[in-house]
Amino acid sequence: MDFSLLFSHFPELTITGLAYGAIYALIALGYTLVYGVLRLINFAHSEVFMYGAFAAVWVLMALGGGKASGLGIAGYLLIAFLSAMTVSALIALLLERVAYRPLRKRNSPPLIALISAIGASFALSEAMGLRDKPFKWFGQENAFQDYVGRPREASPFPLKIDVVRLFSIGNYQVSNIDLIVLGAAIVMMIVLDQFVNRSRLGRGIRAVAQDPEAAALMGVNRDRVIRLTFVLGGAMAGAAAVMYLLKVGQVRYNSGFLLGVKAFTAAVLGGIGNLRGALLGGFILGVAENYGQAVFGGEWRDVVAFTLLVVILLFRPTGLLGESLGKARA
Amino acid sequence: MRSVFKIGVPMVAAALALSACGGTSGGDNNAGGSGSGGKACDLKIGFFGALTGDAANLGINIKNGAELAVNQYNEKNANCKVTLTSFDSQGDPAIAPGLAQKAVTDKKLIGIVGPAFSGESKAADPIFDSAGLNTISASATNPALADNGWKTFHRVLGNDATQGPAAAKYIKDVLKAQKVFVSDDTSEYGKGLSDIVKKDLGSLVAGTDQTAADGKQDDFSATVTKAKASGATVFFYGGYYSNAGKLVKQLKDGGFTGTFVAADGVKDDGFIKGAGAASEGSILTCPCLPPDKAPEFAEAYKKAYNTDPATYSAEAYDAANVFLDAIAAGKTDWKDVTEFIKTYDKQGVTKKIKFDDKGEPAEVSVWAYKVQDGKIVPDQEIK
């Protein structure tokens, strides 16, 4: 154990932890939204994230984002966000249509939907990992090699952003990437929070979360609300995907799994079903991992994070902020 | 009546299948046993390693090298061809033993090129040893593997006990580092290597940290903070290319300005592809020969696979040729093959192929490679 590094580099560990925690938080929102409305853990949400990341990579490749410089980079970054969010939302919508709605219409028990979710997760991930195969079946081995060649390997993010140190907090110089990731995450979170709490559609979401039958009696279209939550969760995962690409620089067909587990943990930590809880959970998890690694060493990183989860759940079994989506007012 | 029929038909089918299996395996045994007499055909050489999974590139390089040797043999011996069968372990020590059990039931299999990684070697080699099936690894570099008394274990490259000190020597003599940060991925290979480097560097080690296993970690920001805080000018990583690519990008983005040094597990284009410009200037050690030292092999390889030979392709080519020479000499019984390898002494494309009594190569050279303009190019031999 070595606490000296934690104290001497506290600002750096906190900021980089928050930046990565923001990615957890945005993905956790998708878990928590769907859980709030459907009482279902959407385990395939991690693949929604992964498809968004690939969408951003491919769209930028197609548009020649690798050669961008100066202001062009900002434009391409915006395109990356838009394409990732769109594709992720579409995949989430597809998931709802194929994997969950048929089960819901037949009133299946929740466990069946859980198995369907896990199955959908494998299917989506392997479909990405085997994306070269359809081309081979039709004898087009050399078509789109940049996109589908070596499908089990990492695909790099084409946009090259030079790291610029903008200003310092303590002894850490905050970089432009930290700022983009944190800034975009906070904007996304505020927009979503305001949307759910203030708009008419948001009120529908809260109504269905609180009491689906009463909401239906009051004229809320339940199916439409459910679709909307999947789209919102998907869009957040898409935004997280671009931030992930900025931080990590590459994505592969199985990248979703690890992040999915962490984001789900963050959602539970903050109180699943609660939007602000998911945000808090994500940030706490990101920072705790960094502190844990600084004090105990890298091999203890996950041990620290999950011990924290167990301890918090011991004292607050419903997570930090507890309350479900429907009841959360603040 | 119906239900009897339902059960009865599969039972009969199963019984038939069983007897069929018994028949063929008996035939296999005969073919293997009588091999030393007449020349047996339909023999096989196995490749054992990752063809899918997180480190698949390294496995594919090895398989291609072995395949090239087999194809060249078949061109010369068109009437009596040898086939290469693959055992895809995904590099996973948990999958390896099952595959090894499967491999040793096949008496037509003359030898195994592999297992590719150290972890899976540790899990699978005892099974090969007790069955007597010979293995020649083109890539497993953990030193302790040779100390188990396995009679069937061989490798055609230097182990980490030569690669580790060479890396340390390069860091000390060429990079002239005063402070070094040493890290690994806790794998059999990575930790073994970093322990040797730490021991050799002694007081130059300014800090250490471990990451999760390859492909199991995305965010390395705390490691980056530690490395910067240690004031190190060199970062040594014992691990594979998937983690290394993400790590080196985050090191550079996080403001670490020193040199990234890693070993053969990172020497793959996947490292550069993943890390992009951040990989530029990285040093990768490898007990393997640069392709321009074996031009004929490089040319044949390029013709067959439309790409330059990559890490350990040439070693695999040499390993496969040992078994092919055994077949050409009519050695098809596993015991005879063991004896044949013991006395083997021939110039291969990577080095003089000759094994000591532990199965280690008699001659070893370690090279330093450098990432330059997005390519891995030879830097110098570490002597």
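## A loop in chain B

B:Asp373 sits in the loop that runs between β13 (366–372) and β14 of chain B. The model we are looking at is predicted, and in it B:Asp373 has a positive phi of about 50 degrees although it is not a glycine. Is this residue buried or exposed? B:Asp373 counts as exposed, because it has 6 C-beta neighbours inside 10 Å and the cut-off for exposed is 12 or fewer.

Moving on into the strand, B:Val377 belongs to β14 (residues 375–382) of chain B. B:Val377 is exposed too, with 11 other C-beta atoms within 10 Å. Leaving out residues up to four places away in sequence, B:Val377 touches B:Tyr369, B:Lys370 and B:Gln372. B:Val377 and B:Thr311 are 66 residues apart in sequence, yet their C-alpha atoms are 12 Å apart in space.

## Other backbone features of chain B

Here is some background for this part: most residues other than glycine have a negative phi, and most peptide bonds are trans. B:Asn306 is not a glycine, but has a positive phi of about 60 degrees. Where does B:Asn306 lie? Look in the loop between α10 (295–305) and α11 (313–328) of chain B. B:Asn306 has 7 C-beta neighbours inside 10 Å and so counts as exposed.

The peptide bond to look at is the one that joins B:Gly114 and B:Pro115: it is cis, with omega about -15 degrees. You will find B:Pro115 in the loop between β3 (109–113) and α4 (118–131) of chain B.

## Chain A as a whole

Chain A has 14 helices and four strands. Its radius of gyration is 20 Å, close to the 20 Å that the globule rule gives for 330 residues, so chain A is as compact as a globular protein of that length. Along the principal axes, the C-alpha atoms of chain A fill a box of roughly 60 × 55 × 35 Å.

Of the 330 residues in chain A, 50% are buried. Among its contacts between residues at least 6 apart in sequence, 76% join residues at least 24 apart.

## Two helix pairs in chain A

Two packed helices are described by the angle between their axes and the distance between the axes. For α12 (residues 255–270) and α13 (residues 275–296) of chain A, the axes come within 7 Å and cross at roughly 120 degrees. α12(A) and α13(A) are therefore oblique to each other, and their crossing is right-handed. From α12(A), the residues that meet α13(A) include A:Lys262, A:Ala266 and A:Leu269, and among their counterparts in α13(A) are A:Leu280, A:Gly281 and A:Ile284. The residues of this contact divide into nine nonpolar, five polar and one charged.

The axes of α2(A) and α3 (residues 45–62) of chain A come within 10 Å and cross at roughly 135 degrees. This pair is therefore oblique, and α2(A) passes α3(A) in a right-handed crossing. A:Ile27, A:Gly30 and A:Tyr31 of α2(A) make the contact with A:His45, A:Val48 and A:Phe49 of α3(A). By class, the contact of α2(A) with α3(A) has four nonpolar, two polar and no charged residues.

## Where the chains meet

How many residues does the contact take from each chain? It takes 28 residues from chain A and 28 residues from chain B. On the side of chain A that touches chain B, the elements that give two or more residues are α1 (4–8), α2 (10–38), β3 (172–175), α12 and α13 of chain A. The largest share of that side, five residues, comes from α2(A). By class, the side of chain A that touches chain B has 11 nonpolar, 12 polar and five charged residues.

Conventions: Residues numbered from 1 in each chain as written. Chains lettered and ligands numbered in written order. Predicted model: local features only at pLDDT ≥ 70, side-chain atom pairs only at ≥ 80, totals over all residues. Axes fitted to C-alpha atoms, helices over the stretch in contact; angles between N-to-C directions. Parallel < 35°, antiparallel > 145°, perpendicular 65-115°, else oblique. Left-handed = near helix turned anticlockwise from the far one by under 90°. Contact = placed C-beta atoms within 7 Å. Nonpolar A, V, L, I, M, F, W, Y, C, P; charged D, E, K, R; others polar. Rg over C-alpha atoms; globule rule 2.2 N^0.38 Å. Buried ≥ 20, exposed ≤ 12 C-beta atoms within 10 Å, placed from the backbone.
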